[in-house]
Amino acid sequence: MSGQLNLKNENQIIIDKQRETLNTELILRGGGKGLSKLLPFLGPAFIASVAYLDPGNFATNITAGSRYGYLLLWVIVFSNLMAVLIQSLSAKLGIATGMNLPEVARERFPKKVSLFLWIQSELVIIATDLAEFIGAALGLYLLFDIPMLLAAFITAIGSFAILELQRRGVRTLEAGISAMIFIVALAFAFQVILSKPDIGAMAAGMVTPRFQGVDSIILAAGILGATVMPHAIYLHSSLTQNRIVGRNAREKKRIYKMELFDIVFAMAIAGAVNLAMVIISAALFFKNGLDVEDLEVAFHQFGQLVGPFSSILFGLSLLIAGLASASVGTMAGDVVMQGFINKRINLYLRRAITTIPPLAIIWSGVDATKALIMSQVVLSFGIAFALIPLILFTNNKKIMGELANHRFTKVVAWIIAGIVVSLNLFLIVEMVI
């Protein structure tokens, strides 16, 4: 009986894939109407956008709001606009070449350079995984008063469960990750309503670039470092390289145009959540003269200033964001190993190996929030090594064909690269010295 059910399910999957292929071909020829035209292309950006909602963002955004109020909201807006361009370049590379960023690097760079890029990207992903793992464990600890070490083991089990979605197909994974993002977005939307922010100050903070001393610049660099994530750059090109394959330049251009909707939509949600974190912290903590740097303190303050429901929403968001971003980090690790050195290990084995550093840090008793912030410094090292090759490759017409960057895009991309790399070098120097 179970064999018959499995056969029936497999047949249905084949039928669904055939129907999706026919629908996609119709859209590429210019057919389709309304939302149906977009649906086959939605998904990759939502998986990549999880990197913009990891627990490292929670730590920097809550600190920024409690210390400077609405002052640094413009940094979130600016970072999110940069993220749209960066992720669109990554998606475009996969569409144009049928290869991901690490694969193109392996093809274009000497073997020693590819090996170096693989090692540094693995270190960056370990740091990312540390932040995500600790964040999810901290969410469990805060919500259920579970000891951190036990919470870490439960987090490991949860991250394996999310990886199981990938085994069931990319669409299932995309649906699961997207659902988690929407839960986090709804939780913070409720938080904003409950916190009753100053709308005028909030609007001014979003559009008025300014700082307040060196510490605010350091924190702005931290926000940027927590927003532009190297592993999301690597991963996005992988998610689009074979998803829908264009047979000619016209089809590739149409695929890219459709993917832009996915990117803008996903990044808008991620940006709104990051804005909400700062806004809530400003409306509650800054307004009451509280300088909150610790996520555990933030959780308890939400309960005292607003009520238990507010703190539960915060803890739930932290847990879900940590679990989702941990699974995405594991996927990115698989991409960089396969791309840079043409090797692969089982995803579950990779997940098991990458749980060891976070478990060791939690077992040692290191403060969770400090570990999250330090992980952002390590992330800062890796941004240039992902961003600069991405711009070089997408500028190259021999690689990209008709999807190569236009002159205006080239200029803007290099300006963004200069800003991102400079701010992250500044952050590294300030935090190390």
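**Exercise 1. Which residues form a nonpolar patch on the surface, and with about how much accessible area together?**

Solution. The model is predicted, with local features needing pLDDT of at least 70 and side-chain atom pairs counting only at pLDDT 80 or more, while totals for chains, interfaces and linings use all residues. Residues are numbered from 1 along each chain as its sequence is written, and side-chain values use heavy atoms, with hydrogens and water left out.

Step 1. Apply the patch rule: residues have over 30% relative accessible area and no salt bridge, like charges are joined within 9 Å, and nonpolar side chains (Val, Leu, Ile, Met, Phe, Trp, Tyr) within 5 Å. A salt bridge is a side-chain nitrogen of Lys or Arg within 4 Å of a carboxyl oxygen of Asp or Glu. Areas follow the Shrake-Rupley method with a 1.4 Å probe; for residues, only the protein chains shown count as cover.

Step 2. The patch consists of Leu186, Phe190, Ile193, Leu194, Leu305, Val306 and Phe309, together about 640 Å² of accessible area.

Step 3. Helix H8 (residues 170–195) supplies the largest share, four residues. Helices (H or I, at least four residues) and strands (E, at least two) are DSSP runs, numbered from the N terminus.

**Exercise 2. Classify isoleucine 193 and asparagine 80 as buried or exposed.**

Solution. Step 1. Buried means under 20% relative accessible area, exposed over 50%, and partly exposed in between (1.4 Å probe, protein chains only).

Step 2. Isoleucine 193, in helix H8, has a relative accessible area of 61% and is therefore exposed.

Step 3. Asparagine 80 lies in helix H4 (residues 73–97); its relative accessibility is 13%, so asparagine 80 counts as buried.

Step 4. Leaving out residues up to four places away in sequence, asparagine 80 touches Met267, Ala268, Ala270 and Gly271, where contact means heavy atoms within 4.5 Å.

**Exercise 3. Describe how helices H6 and H13 cross.**

Solution. Step 1. The axes of H6 (residues 111–144) and H13 (residues 295–305) come within 11 Å and cross at roughly 35°. Axes are lines fitted to C-alpha atoms, for helices over the stretch in contact, and angles run from 0 to 180 degrees between N-to-C directions.

Step 2. The crossing is right-handed.

Step 3. Leu138, Tyr141, Leu142 and Leu143 of H6 meet Leu295, Glu296 and Phe299 of H13.

Terms used
A crossing is left-handed if the near helix is turned anticlockwise from the far one by less than a right angle, and right-handed if clockwise.
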